[in-house]
Amino acid sequence: MTEQTPVTDIQAAAVKATPTLPDAQTVTDVTHYTDRLFSFRCTRPASLRFRSGEFVMIGLLGDPDPKTGKQKPLLRAYSIASPSWDEELEFYSIKVPDGPLTSRLQHIQPGEQIILRPKPVGTLVHDALLPGKRLWFFATGTGFAPFASLLREPQTYEDYDEIIITHTCREVGELTYGRDLIEALQHDELLNEVIGEGFWKKIKYYPTTTREESPKMGRITDLMRSGTAFEDLDVPPLTPETDRAMICGNLAFNLELKDMLEEYGLEEGANSKPAHYVVEKAFLD
Ligand SMILES: Cc1cc2nc3c(=O)[nH]c(=O)nc-3n(C[C@H](O)[C@H](O)[C@H](O)COP(=O)(O)OP(=O)(O)OC[C@H]3O[C@@H](n4cnc5c(N)ncnc54)[C@H](O)[C@@H]3O)c2cc1C
Ligand SMILES: NC(=O)c1ccc[n+]([C@@H]2O[C@H](COP(=O)([O-])OP(=O)(O)OC[C@H]3O[C@@H](n4cnc5c(N)ncnc54)[C@H](OP(=O)(O)O)[C@@H]3O)[C@@H](O)[C@H]2O)c1
């Protein structure tokens, strides 16, 4: 069950709010999913161009320095969860109770401002992959965010016959943002028009939980090793000839999956040297 922040006239609030922060953008919408997860949308700087899957630095002003009273920006890396064509920006965020940024960011309201440094970077981009037939997105937790962007990017469906998105979380409620987004794709006017009606049938969604009962329990890595994931998805194990992959999760997950993909014969790519798979951390440790 999601909880939508009541908003009367968000667009009007966005227009009225005068940017007072450096690189200020105005929040237009906030949705809370669990006590640890929320998403929000904000205005997009007119000059900001980015590739779906990239991240930027966002934040708030920190506490005043006790001596000088000056406030420095408190910034953190965030994947842009909206696609490159969207007129607004969307972010999907953790709430860390004692986290310097998110202990405050979780209380943000429509009409309020955030800081956004308009310098997008990242490896989870189409340019870093060689052409292939099947594209895998592997996510844990908030690692779903870059794929929320790429799942709404027309190039994803133009370049691949099949898109498989796996999302492993501890609890069922942590899957809500991703599940709702994938369900909404069926009615996405732009993608249905640009790619063709029924484009979403190219997607195979594979959500799993590890600490709460759900239809599919277990870590995706274990489900792949046992062969269960491939049976459930009705696809063969990955090969460099047909499969491409993007990984975004906690460090241990990234390393474990990276080793597995290397065993399947896939090689890591980069913007400067496209190959079979790319990896990015969903958070630093
Ligand atoms: C490339 C990159 C992209 C990122 N994209 C996102 C994103 O789209 N959404 C997002 O919520 N965070 C993202 N992060 C993490 C983000 O930068 C911050 O760490 C997070 O917002 C918490 O900030 P904080 O100041 O409250 O706590 P921090 O001091 O930054 O973190 C405190 C602790 O909380 C845990 N933690 C931090 N972030 C997460 C997380 N996302 N999921 C689970 N545990 C976490 C870690 O154990 C960390 O040590 C990204 C990080 C990197 C490196
Ligand atoms: N989610 C919560 O309810 C919760 C509550 C309080 C505190 N925290 C803290 O918040 C931080 C992040 O929690 P999070 O749940 O967002 O992220 P996380 O701990 O990285 O776990 C996300 C998912 O990834 C799985 N996973 C972890 N390592 C893996 C690996 N090597 N291979 C495959 N799958 C792997 C986890 O399975 P497993 O469950 O099997 O590890 C879980 O389902 C942690 O430091 C945690 O202590 C989380």
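A residue counts as buried under 20% relative accessible area, as exposed over 50%, and as partly exposed in between. Keep these limits at hand for the tour of this predicted model.

**Stop 1: Glu-183.** Select helix H5, residues 176-185, and pick out Glu-183 within the helix. Its relative accessible area is 44%, so Glu-183 is partly exposed.

**Stop 2: a charged patch.** Select Asp-35, Glu-171, Glu-212 and Glu-213, which together form a negative surface patch. Centre on Glu-212, in the loop that runs between strand S10 (203-209) and helix H7 (220-225). Is Glu-212 buried, partly exposed or exposed? The relative accessibility is 35%, so Glu-212 counts as partly exposed.

**Stop 3: aromatic pairs.** Turn to the rings. A pair of aromatic rings is described by the distance of the centres and the angle of the planes. The model has 12 aromatic pairs. Begin with Phe-40 and Phe-91: the ring centres are 5.5 Å apart and the planes stand at 35°, so this pair is tilted. Colour the two strands next. Phe-40 belongs to strand S3 (residues 37-43) and Phe-91 to strand S6 (residues 88-94), so the pair ties together parts that are 51 residues apart in sequence. Both Phe-40 and Phe-91 are buried.

Move on to Trp-136 and Phe-138. Here the centres are 5.4 Å apart with the planes at 10°, so the pair is stacked; the cut-off for stacked is an angle under 30 degrees. Trp-136 has a relative accessibility of 1% and therefore counts as buried. Phe-138, at 0% relative accessible area, is buried.

**Stop 4: Asp-234.** Finish in the loop between helix H8 (228-233) and strand S11 (243-249), where Asp-234 is found. Check the backbone there: Asp-234 has a positive phi of about 60°, although this residue is not a glycine. Asp-234 has a relative accessible area of 67%, so the residue is exposed.

Key. Residues numbered from 1 in each chain as written. Chains lettered and ligands numbered in written order. Predicted model: local features only at pLDDT ≥ 70, side-chain atom pairs only at ≥ 80, totals over all residues. Heavy atoms only, no water. Patch = residues over 30% accessible without salt bridge, like charges linked within 9 Å, V, L, I, M, F, W, Y side chains within 5 Å. Areas by Shrake-Rupley, 256 points an atom, 1.4 Å probe, with all protein chains shown as cover. Salt bridge = Lys/Arg side-chain N within 4 Å of Asp/Glu carboxyl O. Lys, Arg positive; Asp, Glu negative; His and termini not counted. Charge placed at Lys NZ, Arg CZ, Asp CG, Glu CD. Helix = DSSP H or I, 4+ residues; strand = E, 2+ residues; numbered from the N terminus. Buried < 20%, exposed > 50% of the residue type's maximum accessible area, 1.4 Å probe, protein only. Phe/Tyr/Trp six-rings, centres within 6.5 Å; stacked < 30°, edge-to-face > 60°.
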